[in-house]
Amino acid sequence: PADGNLEGETLNIKLANGAATLTVTVVTEEGPTAVVPENAQAAITGVDEGASSGVIKVVYQKTAARAAGSGPDGKPTLEEAVAVVEDHLTRELGYTFTKASSSGTTTYTLKDKFGYPAGTATWAENGSNVIEGARYQDAAKGYETISAADGGVAVTTGKYALVNGTTWTAVGDGSVKVAIGNTDTVKIEEFDGWVKIDGVQTGVNKTYGGSSNAMPSVKDLKVSGTGSGVAKTTAAATTYVAYNDATALAQGDELATGYVKLTGTGLTFDSTTAGSSKTFAKVGEEVTVNGATNGNSYRVSVEGGDAIDVTASGTSFKIPADKVTGDITVSDLIAHTLTKAITNGVTGMTATWYVNGDEVDFGANATKVVNLSATDKLTVKVTFADKIDKVNSASTGAKLTIKAGSADVSTAKWTGVGLGEATVASGVIEFEKTADIAAGTAVTGEAGAQASAVTMTVEYTASTT
């Protein structure tokens with residue numbers, strides 16, 4: 001055409017080989033008609049991000065150290081402002097549009113990237129809609145909006161604001177406004193409060209525990225890491241809190257992951273990171289246990305790991321760093337001297353001692369000292385290799401008693417015989433007086449650990465008339 005405008009024209013292009021003709025229809029879409037100044041942005045305000053039926057405004061930064069608009073102090077001209085609006089609709093939001101103007105207001109009819117209608121957005125071409133300020137993302141409401149530079153962004157009463165993901169602002173009663181500076185987009189996120197997790201300030205909302213006014217707990221926040229919990233600092237006081245603890249946190253609490261709990265009656269614990277006299281320690285750090293009795297033995301039980309037995313030299317001992325992997329319980333160990341021979345035993349009777357199911361090796365010795373904690377299981381198996389005949393007219397059957405020193409262990413439990421073969425009373429097993437004890441008979445007595453150092457024996461009492 002004479003005017004050079006190809007829109008709507010059909011072009012027939014003959015391919016080089018002459019065998020075919022390529023037909024092209026020229027279609028153009030509306031877009032920015034002027035250069036977009038780098039110091040200006042547009043936003044559709046008042047609706048969800050990316051939606052339509054909103055009002056478009058333009059903000060600019062007059063002090064931005066970059067290309068500015070052509071108007072006074074870097075303000076875009078009207079032509080440039082229109083270009084900013086249309087650039088926002090097309091390049092930034094991905095719409096295509098047609099437009100119609102009436103009485104200074106332009107209505108943009110939008111289509112999405114698939115060609116479907118996406119509503120309308122309006123732009124009133126006047127100076128009041130081109131203001132100094134910045135565009136920001138309201139994370140709580142989910143859409144872009146704008147603010148004048150001298151006003152900042154007001155944040156909801158009682159909230160805390162995170163600006164651009166890095167800067168926190170406590171806004172008190174809501175009258176304080178967040179300064180947004182000269183930047184294209186400011187992201188404002190609002191929270192009821194914040195805590196620090198491993199040094200990173202994290203916004204939290206009071207929507208946990210069934211109460212709209214409850215701060216979240218460590219469990220709510222799904223805090224995790226090595227060890228079993230965190231070191232929680234509240235108002236300069238640091239305590240241990242397990243990962244599954246459901247107690248509400250306080251505003252400004254600081255949580256450090258990777259700690260284990262330490263337990264021990266009458267003992268205190270020191271470590272480098274946790275400090276002195278703490279009931280917790282950082283994973284992988286050596287722990288000093290204080291308050292021990294010189295020469296006493298102690299068991300260090302590590303949850304999920306091995307237990308180690310330690311004899312104190314002085315009033316303290318150390319737990320190696322490589323053992324500090326799970327919650328630790330330190331308990332006193334009591335010396336139990338086990339006796340291999342059965343008191344008053346007869347030929348063919350043997351006693352085999354076990355600690356937590358493991359057989360005690362006496363070697364060539366008649367006794368063996370084992371150190372036990374209150375939770376250890378001490379048992380003895382008595383075997384009759386030879387038959388023991390019943391005693392005619394016996395008044396009592398043969399008996400076995402576990403002794404702690406000279407005292408009977410009255411809480412002993414016996415297994416290995418059936419109903420009618422023996423009875424147990426006050427920890428003593430008495431075999432049926434009217435029956436033989438068959439060769440190969442074996443019974444097991446469970447004594448448990450004793451409260452103080454003691455010699456443990458098994459005593460046999462023959463049947464009597």
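A residue is termed buried when its relative accessible area is under 20%, exposed when that area is over 50%, and partly exposed in between, as computed with a 1.4 Å probe on protein chains only. The model is predicted, so local features need pLDDT of at least 70 and side-chain atom pairs count only at pLDDT 80 or more, while totals for chains, interfaces and linings use all residues. Residues are numbered from 1 along each chain as its sequence is written, and side-chain values use heavy atoms, with hydrogens and water left out.

View 1. T379 counts as buried because its relative accessible area is 12%. Apart from residues up to four places away in sequence, T379 touches T352, W353, Y354, T444, G445 and E446, where contact means heavy atoms within 4.5 Å. Strands here are DSSP runs of E with at least two residues, helices are runs of H or I with at least four residues, and both are numbered from the N terminus.

**View 2. The open sheet containing β30.** Five strands are arranged in the order β28-β27-β30-β36-β33, with antiparallel pairing; two strands pair if DSSP finds at least two bridges between them. The edges are formed by β28 (358–359) and β33 (413–415), each with a single partner strand, so one side of each lacks a neighbour in the sheet. β33 runs antiparallel to β36 (residues 441–446) and is joined to that strand by three bridges. In this pairing, W414 stands opposite G445 in β36.

**View 3. The largest nonpolar core.** A nonpolar core is a set of buried Ala, Val, Leu, Ile, Met, Phe, Trp, Tyr and Cys residues joined through side-chain atoms within 4.5 Å. This core has 32 residues, and those with the most contacts inside it are W353, F384, L400, I402, F431 and M456. Elements that give two or more residues to the core include β27 (349–355), β30 (378–384) and β31 (399–404). Leaving aside residues up to four places away in sequence, L400 touches, among others, F384, W414, F431 and V458.

View 4. E144 counts as buried because its relative accessibility is 13%. Beyond its neighbours within four places in sequence, E144 is in contact with A42, A43, I44, T45, H88, R135, Y136 and Q137. The C-alpha atoms of E144 and K187 are separated by 8.9 Å, although the two residues lie 43 residues apart along the chain.
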